[in-house]
Amino acid sequence: MLRRPLPHHPRRIILIKSHSAGIGDILRSSAAWAVLKKRWPDAELHLIFLTRWPGYPSEELISGHHLLHSAHFLPLQESRFAGMRGVGPKGWRSLLPELRRLGREIRPDLIVDHEPHGIETAIASRILRAQSHHAATVGVAQVLGRGLFYDHAGPSFARYARERALPLPMDYTERDFAALAALGLEREEQQINLIETEAGRAWRLANLSRFDDRHVLGLNIGCGTPGAEYRRPSIDLLVESLGPVYLPQNVVIVLSGSPAEIYINMRFISDYRRRWGGGRNIIDYAGMTSLGELTGLISGCHVFVSSDSGPYHMSVALAVPTVVLFQENFPSAYHKQRGVHILVAPTTDILGDLLFKKFNGSSQ
């Protein structure tokens with residue numbers, strides 16, 4: 001493959017992702033999108049996501065992300081071929097026409113594959129490259145020989161971290177910058193990014209504007225997905241910690257969550273009322289918002305408290321003061337920036353004191 005030079009001023013950039021369709025995982029990439037837009041403000045960013053979870057809720061929100069010109073979620077049909085798990089001939093027969101079509105329609109002059117492992121995205125980058133006579137490809141030389149798939153390759157994660165004195169395992173947000181290193185682009189503390197959608201603003205005005213004279217505390221207990229329950233903070237911790245915040249009666253607690261999390265929110269409300277009485281200022285919106293509308297719920301909060309789940313990353317990206325509750329130490333999932341408080345297995349006193357100070361003006 002004749003190596004193509006990098007464009008000086010790319011006009012259309014395709015970004016390839018595949019690892020996870022979770023909203024937090026995809027939002028992590030928005031820091032890289034922001035850096036690309038800073039370097040080339042007029043460039044169009046087109047996301048192509050090869051997904052094993054077609055129709056996942058994150059598709060709606062990411063498709064409307066303000067930094068992207070377009071987003072395309074192409075199903076990967078996995079099967080077993082020659083005794084190996086992967087995308088076999090049947091899967092590629094459906095994927096190839098879509099990749100070729102997108103290559104012709106977008107007409108990229110730069111293609112960036114952010115994935116460090118797996119053959120699918122590397123092949124996709126070659127297919128997209130073939131639709132243009134000048135598009136250069138960029139990838140990550142994570143394992144021996146992988147860099148040969150691309151015109152230019154950034155370092156492996158281990159080398160990238162070592163050269164920048166970063167700890168391993170590396171912050172998930174940082175990983176996308178291994179590929180961008182081939183373009184001479186650095187993160188430079190860029191954080192993830194999201195803005196309130198039009199649907200979110202309409203929802204916030206319709207549902208939260210009546211609380212303009214009160215503090216709104218958002219609470220996402222979360223983790224209703226099977227297998228993720230271990231990430232959920234205990235109900236007793238939340239009840240005991242939030243009681244002193246609620247008692248002054250100037251705080252509204254707004255619960256969010258997916259339909260699968262309605263039952264856990266109901267348990268929280270029941271236990272809260274039994275412990276502290278009242279409960280008139282607790283409102284449960286679980287299962288009642290799309291992800292776009294959830295941007296409005298979160299934007300309307302003075303503080304957003306969440307487990308390690310998608311809404312946590314949305315709150316950080318929206319620059320809302322965020323308290324995230326981890327059940328165990330997980331540094332690669334942390335967002336280290338002003339306004340984000342990371343608590344690992346906190347006690348009632350620690351969480352309660354932090355929230356009490358926030359709502360009484362003695363802490364930022």
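Start by colouring the chain by burial: of its 364 residues, 54% count as buried, where buried means under 20% relative accessible area, exposed over 50% and partly exposed in between, with a 1.4 Å probe and protein chains only. This is a predicted model, in which local features need pLDDT of at least 70, side-chain atom pairs count only at pLDDT 80 or more, and totals for chains, interfaces and linings use all residues. Residues are numbered from 1 along each chain as its sequence is written, and side-chain values use heavy atoms, with hydrogens and water left out.

**Whole chain**

Switch to a cartoon view. The chain has 14 helices and 14 strands; these are DSSP runs numbered from the N terminus, helices being H or I of at least four residues and strands E of at least two. The radius of gyration is 22 Å, close to the 21 Å of the globule rule for 364 residues, so the chain is as compact as a globular protein of that length. That radius is taken over C-alpha atoms, and the rule is 2.2 Å times the number of residues to the power 0.38. Along the principal axes, the C-alpha atoms fill a box of roughly 70 × 40 × 40 Å.

Among contacts (heavy atoms within 4.5 Å) between residues at least 6 apart in sequence, 69% join residues at least 24 apart.

**Charged side chains**

Select Lys and Arg as positive, then Asp and Glu as negative, leaving out His and the chain ends. The chain has 41 positive and 35 negative side chains, and the centres of the two sets lie 5 Å apart. Each charge is placed at NZ of Lys, CZ of Arg, CG of Asp or CD of Glu.

**Cysteines**

Next, select Cys 223 and Cys 301. The sulfur of Cys 223 is 17 Å from its closest cysteine sulfur, in Cys 301, too far for a bond. The structure holds 0 disulfides, a disulfide being a pair of cysteine sulfur atoms within 2.5 Å. Cys 223 is buried at 5% relative accessibility, and Cys 301 is buried at 7%.

**Gly 64**

Move to the loop between helix H3 (58-63) and strand E3 (70-75), where Gly 64 is found. Gly 64 counts as exposed, with 55% relative accessibility. From Gly 64 to Ile 48 is 16 residues in sequence and 14 Å in space, C-alpha to C-alpha.

**Helix H13**

Finish with residues 310-317. In helix H13, 8 of the 8 residues are buried, so this helix is largely enclosed by the rest of the structure. Among the buried residues are Tyr 312, His 313 and Met 314. Just after H13, select Ala 319, which takes a positive phi of about 65°.
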